[in-house]
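User: I am new to this structure and would like a close look at one part, its aromatic rings.

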Amino acid sequence: MINTVTLNPSLDYVVELDSVRLGELNRIKKDTKFPGGKGINVSRVLKRLGVNSLASGFIGGFTGNFIKSYLIKEDIVTHFIRVKEDTRINVKIKGEKETEINATGPKISNEDFEQLKLFISSLSSEDLLVVAGSIPSSMPPNTYKEILSICQKNHIKFVVDAEGDLLKSILSYKPFLIKPNHHELGQFFNTKITNWEEAIPYCRKLVDLGAENIIVSLAGNGAIFMNREKGYYASAPVGEVKSSVGAGDSMVAGFLAQYTKTKDVKEAFRYSVATGSATAFSIGLCTKDRVEELIPQVQITEI
């Protein structure tokens, strides 16, 4: 079974308005509240694509109650660790420009973390774990390493969606899948990447450093897939980008949804690109119908 871990979930409050006037009264046209966090997004998109998963991490307070209730209504199984402080609220402002205001999040104690590690230790080699997002400031910097060492010991495949030094620190654990975008890939190697051809040698370096499979998203310029045996470039579907929130998480979910059914990395990659685009073309996460509409637009070229 696929399990997702979100260390610092949020209640995302999305407000839509024509423009934001600083220092003045602003009236919104529409507002929405939903669970936020990279791992939670993966679980929600998987469910929409017909694949079950279990969502875990840390929640607290009335905001944590909202997240758990929301996921239960979507028929997503949860195993959250309760913490003393409230889960954070993040504000997403959609006006002339997209603006995000993210809170810090609750304090996570050593006892809370031990409970999460105990849960992860109960998984088996038949499971897959998705660990995504930043580490809360109250948790140790080696949090990912502690989680992944459990996975390595128990032969649990894992996916990591992280960037910068955090990504560097986990490659030796040999993640099943990583998904940086081209900006993050460039930062990793202290260079600038502007097109998919420039990304190819750096993808190969990440494979050499331990990543089993890599997807690099290049926004409207498509994406690259790479492992030791195969490399592919995928064109991006054409559409109006309405929101970038959750698009990368949707790519991870799309890949896993198709891979668990077919074990075909090429088709899983195609589905990944269509799923990420479907979310980018939506306010909120994608629907299965929208994903399947876009799949014929994703043209795959072998590298």
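How many aromatic pairs does a search of the whole structure find?

Analyst: The search of the whole structure finds 9 aromatic pairs. Rings of Phe, Tyr and Trp (its six-membered ring) pair if their centres lie within 6.5 Å; planes under 30 degrees apart count as stacked, over 60 as edge-to-face and the rest as tilted. This is a predicted model: local features need pLDDT of at least 70, side-chain atom pairs count only at pLDDT 80 or more, and totals for chains, interfaces and linings use all residues. Residues are numbered from 1 along each chain as its sequence is written, and side-chain values use heavy atoms, with hydrogens and water left out.

One of the pairs is F66 with Y70, which is tilted, at 5.6 Å centre to centre and 50 degrees between the planes. Both residues lie in helix α2 (residues 61–73), 4 residues apart, about one turn of the helix. Helices (H or I, at least four residues) and strands (E, at least two) are DSSP runs, numbered from the N terminus. F66 counts as partly exposed because its relative accessibility is 24%, and Y70 is partly exposed at 23%. Buried means under 20% relative accessible area, exposed over 50%, and partly exposed in between (1.4 Å probe, protein chains only).

W196 and Y233 have ring centres 4.4 Å apart and planes at 15 degrees, so this pair is stacked. The pair links distant parts of the chain, with W196 in helix α7 (residues 196–209) and Y233 in strand β13 (residues 231–234), 37 residues apart. W196 is partly exposed, at 22% relative accessible area, whereas Y233 is buried, at 15%.

One aromatic cluster is formed by F176, F225, Y232, F255, Y259 and F269.
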